[in-house]
2 protein chains.
Amino acid sequence: MDTRWLDDDERAAWLRLMAVVELLPGALDTQLRRDSGLSHFEYFVLAMLSEAPDRTLRMTQLGRLTNATLTRLSHVSRRLDERGLIERFQCPEDGRATNARLTEKGWQTVVQAAPGHVDRVRATVLDALTPEQVGQLRAIAEAVLPRLDPERRLAVLYDESAPADVAS
Amino acid sequence: MDTRWLDDDERAAWLRLMAVVELLPGALDTQLRRDSGLSHFEYFVLAMLSEAPDRTLRMTQLGRLTNATLTRLSHVSRRLDERGLIERFQCPEDGRATNARLTEKGWQTVVQAAPGHVDRVRATVLDALTPEQVGQLRAIAEAVLPRLDPERRLAVLYDESAPADVAS
DNA sequence: ACGCTTTAGTTGACGCTACAACCAAGTCAT
DNA sequence: ATGACTTGGTTGTAGCGTCAACTAAAGCGT
């Protein structure tokens, strides 16, 4: 089967999307590290916990939400534990499972980090767009996500009709 | 100064954009590793070289185009050199500079990798969008990029009126 | 010509992530 | 209830990226 190459419009859109995908994580990471001593991934982990019932989640569920392998999450959560931002304990209902719960200190950390993060999100992305474009962006991402995430691992974060255990 | 929090539309758009930014690199990386034994970053380095005059670029310029620190690029280019995909040599005009040139083997590798990569790009993103959305995506990215890239490091890749030494 | 500064790049140590191997708790068939 | 399988998670190793320190060439003022 022959490859359908990109036409000029597609190529232009693709290159620009790639540039955004390349630059955005670094921009967020830099701000959070500087202002709160957290990587963007760590912040995201804490943020997911902060919105969960009882600020507690199973490792597996937390891994799904953060798009992390269990290995990665295990290492990260150990470090967050050592820093006193979360605590881990064996799940009473299922002895195999580990629960992660945000500590008060972790909660304070998220609360303190959030405004700067939101400001950065505005400054780099949202405030550059018209309201129409914000809607378009949402529609575009919604069209793409089923292909990027066929197993719907992150569906909770972007699909209103998802199981809705936790919404970010 | 008080933080302006995100309204529902902004929040929805943002969450979906984050999911895309989180998932897309992995999707591209997986395909390229499986089919060509290259990370996405390595592929991108080779692709930049493949479009440069004489398939040669200075390390600094290559670093700009790929959004990489010189350190990172130094490590990666050493590995690509060891694999015979590029070669490095001191620049004749400026003894401090190192030039990286794509070898014939490197060229063959890119040529062989490109179709599968483009297929994946289509399958995961472009084919999910209408032509109007492709145009919107381009406009949205163009609005955001000046804020993400104030030094215009990647401008060559997304701005038609950029110095245009190399276009991807 | 001689230092001083700047620019270009490399190297080494450390931190984070992935992969593989592993362990422990639950499940299920007989 | 016991052996096989599955599920949930952790740990060790190796690879990649970052930061800091370093080398070498070029520019520059005197």
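Author: Quick definition first: Ala, Val, Leu, Ile, Met, Phe, Trp, Tyr, Cys and Pro count as nonpolar, Asp, Glu, Lys and Arg as charged, and the others, Gly among them, as polar. You're looking at a predicted model, where local features need pLDDT of at least 70 and side-chain atom pairs count only at pLDDT 80 or more, while totals for chains, interfaces and linings use all residues. Residues are numbered from 1 along each chain as its sequence is written, and chains are lettered from A and ligands numbered from 1 in the order in which they are written.

Reader: Which class has nine residues in the surface near DNA strand C?

Author: A residue is near a strand if its C-beta atom, placed from the backbone, lies within 6 Å of it. That surface has six nonpolar and eight charged residues. The class with nine is polar.

Reader: Which residues are closest to DNA strand C?

Author: There are 23 residues around this DNA strand, and both protein chains turn up among the closest. From chain A come A:R72 and A:G95, and from chain B come B:M59, B:T60 and B:S74.

Reader: And which residues come nearest to DNA strand D?

Author: Here 22 residues surround the DNA, and they divide into five nonpolar, nine polar and eight charged.

Reader: How many residues does the contact take from chain A and from chain B?

Author: Two residues are in contact if their C-beta atoms, placed from the backbone, lie within 7 Å. On that basis, each of chains A and B puts in 51 residues.

Reader: Which element gives the most to the side of chain A that touches chain B?

Author: Helices (H or I, at least four residues) and strands (E, at least two) are DSSP runs, numbered from the N terminus. Elements giving two or more residues to this side are α1 (8-36), α5 (104-124), α6 (131-148) and α7 (155-158) of chain A. With 16 residues, the top contributor is α1(A).

Reader: In what order do the three strands of the open sheet in chain A run?

Author: Strands pair if DSSP finds at least two bridges between them. The edge strands, each pairing on one side only, are β1 (56-58) and β2 (86-90). The pairing is antiparallel, and the order is β1-β3-β2.

Reader: At about how many degrees does helix α2 of chain A run to β3(A)?

Author: Axes are lines fitted to C-alpha atoms, for helices over the stretch in contact, and angles run from 0 to 180 degrees between N-to-C directions. Helix α2 (residues 40-50) lies across β1, β2 and β3 of chain A. Its angle to β3(A) is about 90 degrees.
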